[in-house]
Amino acid sequence: MNQILSLKNVTKYYGSKTVVTKALDGLSFDVTEGEFTAIMGASGSGKSTLLNVISTIDRASSGEITIRGQELARMKENKLSDFRRDQLGFVFQDYNLLDTLTIEENIVLPLNLRRESLEKTQQALQRVSAALGVEKLLNRFPYEISGGQRQRAACARAIITNPALVLADEPTGALDSKNSRLLMETFQMMNQTLHSTILLVTHDPVVGSYAGRILFLKDGKIWSELYRGDRSRAEFHREILSVTSALGGECDVY
Amino acid sequence: MFTKLAVRNVRRQMGNYLIYFMTVAFTVALLFAVNNITYSKELQALAKDYDSMSDMLTVETVFVFLIVSFLLSYTTSFMLKLRKREFGTYLTLGMNRRNILTLFLCETLLLCGVALGVGILMGLAIFQCFMALIMKLMEMPVVVSGYSPKGLRLTVILVVSIFFVSSLGSALYLKRVSIYNLIHGEKKTEKGVRNPGTWLLLALLALAFLLFHIWGIYEEMKRLLLTNASDTSDLLQKICLLAASLVVLHIAAARGIVGLLLKNKRRKSRGTNTFLWRQLSSSLTANSVLLGIMAALLGFSVICADTSFIDKILEEEALRRDFPYDIMYASSLSGAGYVQNPDAISQEAAEEAIETYADIESCHRYALYTTGESFFYSFTRYAGTGDNLLHDYYMKLSDFNEYIQPLGYESVTLDDEFFVVVNDREMAKTDWSKARPMLNGKEYHYTAAPYEEYKIFQYIFFFVVVPDEAVLQMHAESDFAFYNLVDGSYDLDSLKKLQQELTYRTTVIDEFAFGAGEEIEKEVCDYSFCEFSRQERLETVAIVVVGAMYLAAIFLLMVMAILALKTLSNLPDDKKRYRLLANLGTGTREQSRTLFRQIFSFFFLPFAVPILLSVPTALIAARLMQMCDFADQVGKIYLIAASVAAVMTLIYVLYFTATYLIAKRNVICSD
């Protein structure tokens, strides 16, 4: 399998000279193509910081991050924008759909920014909207649909460019349990059917149980790592719960 | 507690909306300056017709009060809507509506106080600038003018009233709105425009109406000029229709253009076009009526500024044409029978009085003769009206030549011929070629006037120039004399004394007032002074120019302030949206370009058509100038229109640039 993401000894400091917080402390791990990885940990463990430096929204203080062989630290600002546009897909907790755009316009926006032809854009739109079940919502505005539908639209937008890596930051954070389950099934489908490589941050063991691999963070370091393997989701969930208890029980348990 | 909270809120808003508050303060400054001009003691002392100057400025101030109240009430309600959630939170925390209203009114009062204070401070300087401009336009020495307590009082009353009126709507809204709507209301987002094609069609129709009304205004002005008509109701009606067309054009364009662009899938799929057009669509649709009104106000500003400066040229040229000499004398008639008034001051005595004022450099005289018949009138539109006042006037050729030579025309010769000098444009259409008058036993033939124009100071429609022998048996009805004085500089006080010396009391027949036909006693002066007329015209020009600049500046400032406020108040939402664009891979350059296009389109939609109105305004003015025989001034008209457009565009661009830079600093996300 091809390596998609590689982190080597990544650190991230926040603050001034007098008060410094080490958010990431020498993190190293790899993600291969087609993997569905979840990052879990308590609040302040460094989950969101990790996602930010991988997504190029923030820069690491030291260490090396490569995505599809391209080292992020060496890229200049414009290159980074292009890289984000072409290689990454995003799903955020608060959907981050533009309220002024229709669902269709939101989904195809990454392709528009790449200046893809209308024909290609329409083909891609058909493909992802059918896969994510949002075809009937295309002409609606975000405020006209439910939270779960919005998050499915956000997923469609994240994968329409066939990115190397889909980054999801607490995607179920604003959803109820039913919509959370439906969304995680969507992520699973994206991973298994559309072969998307997904890196998802969550504090919810149920959500984490849909992933194939879980990295537990504590104080900016990898504290533990779990692989689902052939186990059922329920079994994997139980194991996650035991790890989170050992971690300090700071992750929410449903 | 409320005062403390209100002070804190106002301070916070001052930081956010500095451009807006400075503009409001500048509006207050302009109001203060103009109110001080209205009550200026210096103007009262210097201006010949102070009352009409003061009246005109008062009417303008009332107009400004109404417009500014409306615009500020819109802006206040808009600012209130921005703070809905905050007020909703206050209500959930246990404040009652009376508390909220008190807080809101405290804030408004504080804002009013700040704007008033800063505005008056700025107004102190602006007043001096305006007075200097007026003095310069009136060709009087510029001095430091005193401030008027009345002007200050009126400004305070106006500003407090404006803020009171503008807060009234918001206060009513706060009294009625539910807490839910306050907290959740802002979540609603404008939907796209339905049937953009229909809106665009309406915009095209409005544009056609706009052009039609411009043409109508030109035709109406032409009619007024050619017929010397004074009824301007049709003109005013057409101007109102022009303003209405401008409003409708902008409402429809704001709704139609972007909506139609969004229908074009191919174009909108390029880069950030969808994002940009959706941003514009929501802001333009939500504000289309306001944009229309702003466009009408800007159009009014452009036309006002253009016509005021054009009026300056027109007055200068008219004075040069109508008053070629320093002092002009026309003998007055007494009662019926057209005999010289026995009470009149003799020309010799008058000339002696004039000499005490300034030496006479040259003097030209002529007389108008009459047979008492209306032979030439029978060829005009007045034929058969039975008006016994309308009878023919004749001038000797030698008098005519003596009159025109100093004006730069060559002498004319006539051989048993006559020509007609016409003072009235409608009368100029008369065909006298078939007229064969028998004068002193000889028949004379028509010949065309050798020069198209030589205005003669004379309140008659036309007179006939004939060889000297033709008037031998005629009765000389009026004597005329024209004096040029040696000293070119004029002392108005001495001139007023001279005018007083040349004024006498006499009995005349009242022809116009109630009880027409009766004899009344009144003061008459047979001498006209170029300097007085010049002074009157300069005063008119000064007040028209300053008044127009006042209106143009206030409207321009209000429009720009509202546009800036609307743009800047959307920054929190824009910031989120542009952050998302950045996350999706849009570089800072592309974001900046998109933001520039967004703000530029919003700023210039209500500005483009009004500024283009400079073109028809200049064309119409130039055409009317040509019709007034001031063809050589056409170049100046175009220059004025271009300069006004350039200055307004420059101010607009400065405001736009400031707004864009603030927005860019706040919105654009770099990695």
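# Briefing: a predicted model with chains A and B

Of the 671 residues in chain B, 39% are buried, where buried means that 20 or more other C-beta atoms, placed from the backbone, lie within 10 Å of the residue's own, exposed means 12 or fewer, and partly exposed is in between. In chain A, 47% of the 254 residues are buried. This is a predicted model, in which local features need pLDDT of at least 70, side-chain atom pairs count only at pLDDT 80 or more, and totals for chains, interfaces and linings use all residues. Residues are numbered from 1 along each chain as its sequence is written, while chains are lettered from A and ligands numbered from 1 in the order in which they are written.

**The two chains overall**

- Chain A has eight helices and 10 strands; helices (H or I, at least four residues) and strands (E, at least two) are DSSP runs, numbered from the N terminus.
- Chain A has a radius of gyration of 18 Å, close to the 18 Å given by the globule rule for 254 residues, so it is as compact as a globular protein of that length. The radius is taken over C-alpha atoms, and the rule is 2.2 Å times the number of residues to the power 0.38.
- Along the principal axes, the C-alpha atoms of chain A fill a box of roughly 50 × 45 × 35 Å.
- Chain B contains 21 helices and 14 strands.
- Of the contacts in chain A between residues at least 6 apart in sequence, 71% join residues at least 24 apart. Two residues are in contact if their C-beta atoms, placed from the backbone, lie within 7 Å.
- In chain B, 83% of the contacts with a separation of 6 or more are between residues 24 or more positions apart.

**Where the chains meet**

- Contacts link 27 residues of chain A with 25 residues of chain B.
- On the side of chain A that touches chain B, α2 (77–87), α3 (103–113) and α4 (118–132) of chain A each supply at least two residues. The most comes from α2(A), with eight residues.
- That side of chain A divides into 12 nonpolar, seven polar and eight charged residues. Ala, Val, Leu, Ile, Met, Phe, Trp, Tyr, Cys and Pro count as nonpolar, Asp, Glu, Lys and Arg as charged, and the others, Gly among them, as polar.

**A sheet in chain A**

- Four strands of chain A form an open sheet in the order β2-β1-β4-β5, with antiparallel pairing; two strands pair if DSSP finds at least two bridges between them.
- At the edges are β2 (20–32) and β5 (70–71) of chain A, each with a single partner strand, so one side of each has no neighbour in the sheet.
- Strand β1 (residues 3–15) of chain A runs antiparallel to β2(A), joined by nine bridges. Opposite A:L7 stands A:F29 in β2(A).

**Helix α8 of chain A**

- The buried residues A:F236, A:H237, A:I240 and A:T244 lie in α8(A). They cover an arc of only 100° around the axis, so they are on the same side of α8(A); the arc is that of the directions from the helix axis to the C-beta atoms.
- Exposed on the other side of α8(A) are A:A234, A:S242, A:S245 and A:A246.
- The cover over the buried residues of α8(A) includes α7 (205–208), β9 (213–218) and β10 (221–227) of chain A.

**Helix α18 of chain B**

- Buried in α18(B) are B:D574, B:R577, B:Y578, B:L580, B:L581, B:A582 and B:N583.
- Their cover includes α2 and β6 (88–92) of chain A, together with α12 (273–286), α19 (588–612) and α21 (634–667) of chain B.
- After α18(B) comes B:G585, with a positive phi near 105°.
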